[in-house]
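Dear colleague,

I am handing over a structure that I have been reading through, and I would be glad if you looked at it yourself before going on to my notes. The notes follow directly below it.

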Amino acid sequence: MADPKKPIQPPRTGNDEDTGVVLKTREKTKKPAMYKVLMLNDDYTPMEFVVHVLERFFNKSHQQATDIMLQVHQRGVGVCGVFTYEVAETKVAQTMDLARQHQHPLQCTIEKDGDGDQD
Ligand code: TYC
C-alpha cells in the first residue's frame, strides 16, 4: 500500500539534480566493442576442413562456409564472423585446436571491428 503522508517524488533522471553533480545521462545503452575473426589462407589445409570448421564453430550453412573458404583461398583472408572479444577468442582457440589435432597449419586472428561504441 502507498503511504498517503509520503510526498510524491518526481521521477529521477540521469542528471543528479539534487546535488548539482552532472552524471552521464546515457545509461546501460553502451554496446560492447566487437571483434572480427579473420581466417588466413595457407597452401596445405584442405578446403573441406576449412568448410567444416566454418560450419561447426561459426554456424555457417554449407553454402556460406564454401563462399568464405573460397574468398580466403583466392584473396588471402576472409571474415568468419563478428563477436564480443571473449566469444571471438573462444572460436579462434576451437579452430586452431582442431587444426593442430589434424596437423593443418590453418590460422585465425582477431581484429577490432568498426562497429559498437568506441569511446
Ligand atoms: N589454400 C588451401 C588449399 O588450396 C585452402 C584453404 C582455404 C586453406 C582457406 C586455408 O583459410 C584457408 N588447399
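To follow the first finding you need one cut-off: a salt bridge is counted when a side-chain nitrogen of Lys or Arg lies within 4 Å of a carboxyl oxygen of Asp or Glu. Please keep in mind throughout that this is a predicted model, and that every value below was computed from it.

With that cut-off in hand, consider Asp42, which sits in the loop between β1 (35-40) and α1 (47-58). Asp42 is buried and yet has no salt bridge, since the nearest side chain of opposite charge, that of Arg100, is 13 Å away. What, then, lies close to a polar atom of the side chain of Asp42? The backbone nitrogen of Tyr44 is 2.7 Å from such an atom, and the backbone nitrogen of Thr45 is 2.6 Å from one. Leaving aside residues up to four places away in sequence, Asp42 touches Pro105 and Leu106.

Asp42 also belongs to the surroundings of the ligand, together with Met39, Leu40, Asn41, Thr45, Met47, Val50, Met69, Val72, His73 and Leu106. A polar backbone atom of Asp42 is 2.7 Å from a nitrogen atom of the ligand. In the side chain of Asn41, an N or O atom lies 2.8 Å from a nitrogen atom of the ligand, and for the side chain of His73 the corresponding distance to a nitrogen atom of the ligand is 2.9 Å.

Turning to the chain as a whole, you will find three helices and three strands, which run β-α-α-β-α-β from the N terminus on. Of its 119 residues, 29% count as buried. Among the contacts with a separation of 6 or more, 68% are between residues 24 or more positions apart.

The interior comes next. In soluble globular proteins, nonpolar side chains tend to be buried together. Here the largest nonpolar core has 23 residues, of which Val37, Met39, Val53, Leu54, Phe58 and Leu106 touch the most other members. At least two residues of this core come from each of β1, α1, α2 (62-75), β2 (77-83) and α3 (85-101), and α1 gives the most, with seven residues.

Most residues other than glycine have a negative phi. Asn59, however, has a positive phi near 55°, and its place is in the loop between α1 and α2. Is Asn59 buried or exposed? With a relative accessible area of 62%, Asn59 is exposed. Gln103 likewise is not a glycine and has a positive phi, of about 60°; Gln103 lies in the loop between α3 and β3 (107-112), and it counts as exposed at 74% relative accessibility.

A last pair to find on the screen is Ala93 and Thr109, which are 16 residues apart in sequence and 9.8 Å apart in space, C-alpha to C-alpha. Ala93 lies in helix α3 and counts as partly exposed, at 36% relative accessibility.

With kind regards

Key: Residues numbered from 1 in each chain as written. Predicted model: local features only at pLDDT ≥ 70, side-chain atom pairs only at ≥ 80, totals over all residues. Heavy atoms only, no water. Helix = DSSP H or I, 4+ residues; strand = E, 2+ residues; numbered from the N terminus. Buried < 20%, exposed > 50% of the residue type's maximum accessible area, 1.4 Å probe, protein only. Lys, Arg positive; Asp, Glu negative; His and termini not counted. Polar contact = N/O pair within 3.5 Å; in protein donor to acceptor, adjacent residues only side chain to side chain. Contact = heavy atoms within 4.5 Å. Core = buried A, V, L, I, M, F, W, Y, C linked by side-chain atoms within 4.5 Å. Near = heavy atom within 4 Å.
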